[in-house]
Amino acid sequence: MRSYSLIAPAKINLYLEIIGDRPDGYHELAMVLQSISLADRIDIRAIGIETIVVRCEHPLVPADADNIAYRAASLLGKQFPDVFARYGGVEITINKQIPVAAGLAGGSTDAAAVLVGLDLMWELGLTQGELQELGAQLGSDVPFCISGGTALATGRGEVLSPLPNLDQLYVVLAKYKNLSISTPWSYRTYRQEFGHTYIDDTEARENSIQRVHSGPMVSAIAHQDNIEIGKLLHNDLEKVALPEYPQLLKLREAFASQNVLGAMMSGSGPTIFALTESLAQAQEVEATVKAKMADPGLEFWIAQFNSSGITIAH
């Protein structure tokens, strides 16, 4: 087939713990990641000449090598030059539904879709594990975006252990249109303020990771205990983002006051989300918080938890 359309879901963090520094300069993390039904659509089409074209109508999405989706195609082209020469280049059209620079892995999931789509189009026959290894070269969230569902992520986020699906839960998300938080800023500021708490010893770091593997959040997910999952939401990066951006704290408090399972910032932010057990409750929470905040610059989305990552659009 000379073209593919793929659905690329966003992700939220249900848990994010910063354990310490890694020798490669990244942070050692322990996270629980969850795909949601808010998704981009990626159309990939063969164009017969050896070039990569990216199209996206969103003004903040680059259409050149700065785009991680472009880099995903370029990476596969370099890995398989004979195949690239045989099939030629591609046009990648990104239909952007996931907000940009929101802590929802919008760029990473687009890159994941390009890897999956080109694997199919170029008939490479790569396994999911091989695609994830390639994805890890592009960004820490890309491997998870390929497989999706619910997973424990360790290392810098690329070492994944699948967890039972939670696709009965709903999430209300809100983001200030004109606010974005730089991920490098978040981690750098966290290191400056909390670096003294980091675990340096390799064995102690391993023990810390194992504690999360057998910890309360993983246990709550295993038992499908929604109330407990809501109570155990945790994100270390809130410690730097919420004091810096008081409007996020206010938004988080507005969600938390609505009898939701829990509310938190996703990833490095600035998206704040609340968990609910039904679509009706999610809609009620959205309407109430929207009225309470009364800010035209605040955007809302409702999504369901997803049990899969990249899928072919039907």
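Author: Domain 1 and domain 2 bury about 3,000 Å² between them, with 66% of it on carbon and sulfur atoms. Buried area is the accessible area (1.4 Å probe) that two parts lose on being put together, summed over both. This is a predicted model: local features need pLDDT of at least 70, side-chain atom pairs count only at pLDDT 80 or more, and totals for chains, interfaces and linings use all residues. Residues are numbered from 1 along each chain as its sequence is written, and side-chain values use heavy atoms, leaving out hydrogens and water.

Reader: Which three residues supply 19% of the area that domain 1 buries against domain 2?

Author: Domain 1 covers 3-164 and domain 2 covers 170-304, with bounds from an automatic or database domain assignment. More than any other three residues, the suppliers of that 19% are Leu-14, Leu-16 and Ile-19.

Reader: How many Å separate the centres of domain 1 and domain 2?

Author: The contact (heavy atoms within 4.5 Å) takes 36 residues from domain 1 and 37 residues from domain 2. Taken over C-alpha atoms, the domain centres are separated by 23 Å.

Reader: Is α1 roughly parallel or roughly antiparallel to α3?

Author: Helix α1 spans residues 68-79 and helix α3 residues 106-121; helices are DSSP runs (H or I, at least four residues), numbered from the N terminus. Their axes, lines fitted to C-alpha atoms over the stretch in contact, with angles from 0 to 180 degrees between N-to-C directions, come within 8 Å and cross at roughly 30°. Angles under 35 degrees count as roughly parallel, over 145 as roughly antiparallel. Therefore α1 is, relative to α3, roughly parallel.

Definitions and conventions:
Helix = DSSP H or I, 4+ residues; strand = E, 2+ residues; numbered from the N terminus. Parallel < 35°, antiparallel > 145°, perpendicular 65-115°, else oblique.
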